[in-house]
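Hi,

Here is the model I said I'd pass along.

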Amino acid sequence: MKLAVALVAALAFAALPLLTNSNYIMGIGVSALIFTVAAAALNLIYGYTGLLSFAQLGFWGIGGYASALTVVTFGGTFWWGLVWAAVINAAVALVVGYPTLRTNRHAFVIVTLTFALLVTMIARDWVDLTRGALGIPNLPPPVAFGYEFGTTGRFYWIAWAFSVAMLAFLYALCTSRIGRTLVAIKQNEPLVRAQGISPMPYKLASFALSAAITGAAGGVYSFHLGIIDPLFLDFYFMQTFLIIVIIGGAGSFWGVVVSGIALSALPEVLRFSADFRMIIYGLILVVVMFVMPSGVAGWLRERRLTRLREQLR
Amino acid sequence: MSAILEVTDLSKAYAGVHALDGVSFAVEAGSITGLIGPNGSGKSTAIDCISGFQKLDGGKVVLAGTDITGRAAHRIARTGLMRTFQTVRVYERLALSDNLAIAAQQFDAATWVDEFLRTRRYRDAIEASEARARRLVELIGLQRYYEAEVGILSYGQKKLVALAAALMPHPRIVVLDEPVAGVNPSRIREIEEALRQLNEAGETFLIVEHNVEFITNLCHRVVVLEQGRKLAEGTAAEIHTDSRVLEAYLGMTPEMAVAEMESRP
C-alpha cells in the first residue's frame, strides 16, 4: 500500500516538467528532490544508527567539488563525476569514521562538525585546486548519448531519476535486516553485542553509504547551480537537511521523504508574503516542534501506541 | 555429564580492589547452575568477564572446549554463550517479533545477498527463526503481544522477552543475570516454571541471583561467592545448611540465631 502510494507519487513528480514551463518551479523541484535524498542519507546515519553527523555538510561539499573538478579540471563526464563524488566520500568516511566511531556519540558529533568546518576551509584556501572564493563557474550541462540536459526542465529528469534510485536503495536498505540491526544498535548497543553482532562494521557501513549518497547528491546539485564556490558549504544546507529529518521524524523513512518535499516547497509557497515568509516559516517549525517533539512520524507512532495500550488494557 | 563451561582462576581488580580473586567453577551440560552471593561478592563481575563485557586480569574461560578467554563479547556470543542483563535490556521500540528475530539473525547462514535475492536459504532461515520465536513466545505466555512494541510491556514481561531472546539461537549455555530481581512475586513462579521446562528440554543455564529461594528451588548446583572468592559449592540442600554461607548472607549462623532467639524474653 505504502509502496503503491510512493510509486504514484514518484510518477506524479516525473510529470512536473509536462505541467509547467516555469524554470522557477522546476528549480524548486530539483532542490526538493536533491535535499530529500541528502536528508534521507542523514536519516540513515542519524535516524537509524543514532549517530548525529554534521560531516554531511563536508560530504555534500566534497561531492560537489569532486564532480565539478572531474569535468572541468580532469576532462571527465558528469556521470563519472558522480561516481567519483560517491567513491571519494565513502573512502573519506571510512578514514574519518574508523577512529571516530570508537569514541562515544557526543565525541562523534564534535568530530564530524570539525570535519565539516575543515572541508569548508579547504574549499576556500586550497586555491590551486578549488580556485578559492572565485569558485568554478560555467559547469557544462550533462550529456548522455548526445542529448544535452541543458535546460532546467531537462536537468529535472536527472534529479528525478537520481532521487528515485537513491531513495529506492535507501528504502531497501532501511527495511532489510541490516536496517533493523542499525535500529537495534541505536536502541541498545550492549544487547547487540551480546547477540553476536559486532556494531562497528554496521556503523562504518552506514556512515560510508550515507557519505557516498550525500556526496553524489552534492554533485548533482552543483551542476544544477552551474557553479561551485565555498558558499556551497554554507551551513544553510546542513541546517536544511537536519530540519527535514527532525520534522519528518528521525528513524522514519517515509516521514523524512514527505517532510523533505514539503519543507523544500514551504518557503516558496509562503512567498505570497515576501516580508514575513521566513518568520512564518520559523513559526511553523516552532509550532510543529512544540506539538510533535519527535517529528510527524514520531507523533503518529505515539498515537498508535496509545491506542494499542488501551486495547491491551 | 561433561562441563560445557569451565572457569578457572578468574581474577579481576578495580583500582587495586579484588572484585574476583581466583574463582573457579564449572557448569555441566544440561544443568542449571546458580551463582549466588551477597552484594559486592563479584557475581556480576564474574559473568561480565565470562561473557566478554569486562576484561579479566587473569584466569581462563573455556566454552565447549574452546578457549574464549579475553575474546570480544560478540565473538563469545557466536561461540554459543548468550546472556541477559541485570537491568533488563530489550529493544524498547521494536516489536517483540523483531526483538527475537534480531537475536537469531547472526546465527543463520543467510547473508544480505541472500536477503536481497530472497533465496531459499534466506526464506528457510526466516521460517526457522519465526517458528522458534512463536514457540518461545508461547512458553513465556506473551502471544498476544507478538507484534506489539516491547516498550509497552511491564518490567517483568521484558525480563521474559530478554530470556526468550537469549534462547533464540539455540545457545550452548544461557547466562541469566538476576532474572527475577524486581519482578512481581506471582511472575517469579512463571519464570521458574519456564526455566524448568526449558531445562528439561535440554537447555543449560548459569543463573546469577539474589533470591535464594528461587535458586534453591531451581538449581542442581550452587556456587557461592563472597568478596571475590568462592565460599562454597554444592547442591542446593548442601548450600542451604552450610554455616559459612548462612553467616555470609545473614551475618549469623543457625547456632547464633537460636542463641539470640533464646536470649529474648
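Helix α3 (residues 23-48) of chain A packs against helix α11 (residues 199-225) of chain A at an angle of about 165°, with the axes 9 Å apart. (Helices here are DSSP runs of H or I with at least four residues, strands are runs of E with at least two, and both are numbered from the N terminus; axes are lines fitted to C-alpha atoms, for helices over the stretch in contact, and angles run from 0 to 180 degrees between N-to-C directions.) α3(A) and α11(A) are therefore roughly antiparallel to each other, given that angles under 35 degrees count as roughly parallel, over 145 as roughly antiparallel, 65 to 115 as roughly perpendicular and the rest as oblique. The crossing of α3(A) and α11(A) is left-handed, meaning that the near helix is turned anticlockwise from the far one by less than a right angle; clockwise would be right-handed.

Among the residues of α3(A) that meet α11(A) are A:Val30, A:Ile34, A:Leu42 and A:Tyr48, and the α11(A) side includes A:Phe207, A:Ile213, A:Val220 and A:His224. Contact means C-beta atoms, placed from the backbone, within 7 Å. By class, this contact of α3(A) with α11(A) has 15 nonpolar, four polar and no charged residues. (Ala, Val, Leu, Ile, Met, Phe, Trp, Tyr, Cys and Pro count as nonpolar, Asp, Glu, Lys and Arg as charged, and the others, Gly among them, as polar.)

Before I go on, the ground rules: this is a predicted model, where local features need pLDDT of at least 70 and side-chain atom pairs count only at pLDDT 80 or more, while totals for chains, interfaces and linings use all residues. Residues are numbered from 1 along each chain as its sequence is written, and chains are lettered from A and ligands numbered from 1 in the order in which they are written.

Another helix pair in chain A: α4 (residues 55-72) and α6 (residues 105-125) pack at about 30°, with axes 7 Å apart. α4(A) and α6(A) are therefore roughly parallel, and their crossing is left-handed. The α4(A) side of the contact includes A:Gly58, A:Gly61 and A:Tyr65, and α6(A) brings A:Phe115, A:Ala116 and A:Val119, among others. The tally for α4(A) with α6(A) is eight nonpolar, four polar and no charged residues.

What about chains A and B? Their contact takes 20 residues from chain A and 23 residues from chain B. On the chain A side, α9 (177-187), α10 (189-194) and α15 (295-312) each give two or more residues, and α9(A) has the largest share with seven. That side of chain A has nine nonpolar, seven polar and four charged residues.

Chain B is divided into domain 1 (1-80 + 171-265) and domain 2 (92-170), with bounds from an automatic or database domain assignment. Their centres, over C-alpha atoms, are 27 Å apart. The contact takes 15 residues from domain 1 of chain B and 13 residues from domain 2 of chain B. On the domain 1 side, α7(B) supplies the largest share, six residues.

Lastly, chain B has an open sheet of four strands, antiparallel, in the order β2-β1-β4-β5. (Strands pair if DSSP finds at least two bridges between them.) β2 (17-28) and β5 (66-67) of chain B stand at the edges with a single partner strand each, so one side of each is left without a neighbour in the sheet. β1 (residues 3-14) of chain B pairs with β2(B) over nine bridges, and B:Ala13 stands opposite B:His18 in β2(B).

Methods: Contact = placed C-beta atoms within 7 Å.
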